[in-house]
Amino acid sequence: MWARAGEGVIMRKQDLAGQRFGRLVVLYESEERKNGRPLWHCRCDCGREVDVMAGNLRTGETKSCGCLKIDLQTTHGYTQHRLYRVWHDMLQRCENPNCKQYKDYGGRGIKVCDEWHNPAVFINWALTNSWTRGLQINRINNNGNYEQGNCNFVPRKENSCNRRDSHLITYNGKVQNLSVWAEELNISPSALRYRLSHWPIERALTEPVNERLYNGH
């Protein structure tokens with residue numbers, strides 16, 4: 001609300017907490033600022049939270065955390081399918097800057113291939129490529145895109161081992177977490193870690209195992 005006071009103009013800031021704008025409900029004023037202006041911390045109906053400028057809320061320019069744009073492009077009958085959430089979250093990570101995980105995906109240039117923007121195509125691929133309940137989608141090359149040839153489905157534990165912040169090892173064009181390499185080579189992770197810290201990578205991954213060497217015997 002604006003009010004004139006002599007020759008100056010004073011802006012009375014309106015408390016937006018508790019108000020709804022589209023899919024967003026304002027929780028409180030954020031400590032963050034954009035171009036010197038306050039941001040309001042909101043919770044989207046999808047569960048994600050985002051900071052938005054008051055003007056964007058009032059004008060309707062921002063109505064969600066970014067999920068609305070994706071949903072409006074979705075004209076299908078898959079919203080109740082178990083794989084719909086997998087597909088939806090994959091797009092959010094890669095295409096919605098307001099998503100908390102965006103910096104590790106879209107922010108690094110990781111994309112979802114064009115054909116997988118159609119949920120029917122993605123779900124059909126998943127069902128014919130060993131997806132079962134409890135498995136998570138995994139990118140084989142952690143720096144590659146979401147696309148056929150670079151994705152499979154793995155248990156949650158294995159997927160967490162392949163996170164970007166874990167120890168990834170590349171050999172002969174193959175990129176895997178240290179734990180996955182160790183399992184494939186039938187060697188303990190500690191033994192493989194010792195090898196890699198003392199030997200060239202080729203020797204570390206190919207020389208026959210002598211576990212006693214790493215146990216101090």
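Tutor: Two strands count as paired if DSSP finds at least two bridges between them. Keep in mind that this is a predicted model.

Student: Which residue in β4 stands opposite phenylalanine 21?

Tutor: Strand β3 and strand β4 (residues 24–34) run antiparallel and are joined by two bridges. That number meets the requirement of at least two bridges for a pair. Across from phenylalanine 21, the residue in β4 is leucine 24.

Student: Which strands stand at the edges of the sheet?

Tutor: The open sheet has four strands in the order β3-β4-β5-β6, with antiparallel pairing. Each edge strand has a single partner, so one side of it is left without a neighbour in the sheet. The edge strands are β3 (20–21) and β6 (49–53).

Student: Which element supplies the largest share of the largest nonpolar core?

Tutor: That core has 20 residues, and Met90, Trp116 and Tyr146 are among those with the most contacts inside it. At least two of its residues come from each of α3 (82–95), α4 (119–127) and β8 (151–155). The largest share, six residues, comes from α3.

Student: How many residues are in the other core, the one with Phe21 and Val50?

Tutor: This core lies apart from the largest one. Val52 and Cys67 are also among its members. Its count of residues is 13.

Student: Are the rings of tyrosine 105 and tyrosine 146 stacked or edge-to-face?

Tutor: Tyrosine 105 is in the loop between α3 and α4, and tyrosine 146 is in the loop between β7 (135–139) and β8, 41 residues apart. Their ring centres are 6.5 Å apart and their planes are at 20°. Planes under 30 degrees apart count as stacked, so this pair is stacked.

Student: What is the relative accessible area of tyrosine 146?

Tutor: Tyrosine 146 touches residues including Met90, Tyr105, Trp116 and Ile137. Buried means under 20% relative accessible area. Tyrosine 146 is buried, and its value is 3%.

Student: Within what arc do the buried residues of α7 fall?

Tutor: In helix α7 (residues 189–198), the buried residues are Ala191, Leu192 and Arg195. An α-helix has 3.6 residues a turn, so residues three or four places apart point the same way. The buried residues of α7 line one face of the helix, because seen down the axis they fall within an arc of 95°.

Key. Residues numbered from 1 in each chain as written. Predicted model: local features only at pLDDT ≥ 70, side-chain atom pairs only at ≥ 80, totals over all residues. Heavy atoms only, no water. Buried < 20%, exposed > 50% of the residue type's maximum accessible area, 1.4 Å probe, protein only. Arc of directions from axis to C-beta. Core = buried A, V, L, I, M, F, W, Y, C linked by side-chain atoms within 4.5 Å. Contact = heavy atoms within 4.5 Å. Phe/Tyr/Trp six-rings, centres within 6.5 Å; stacked < 30°, edge-to-face > 60°.
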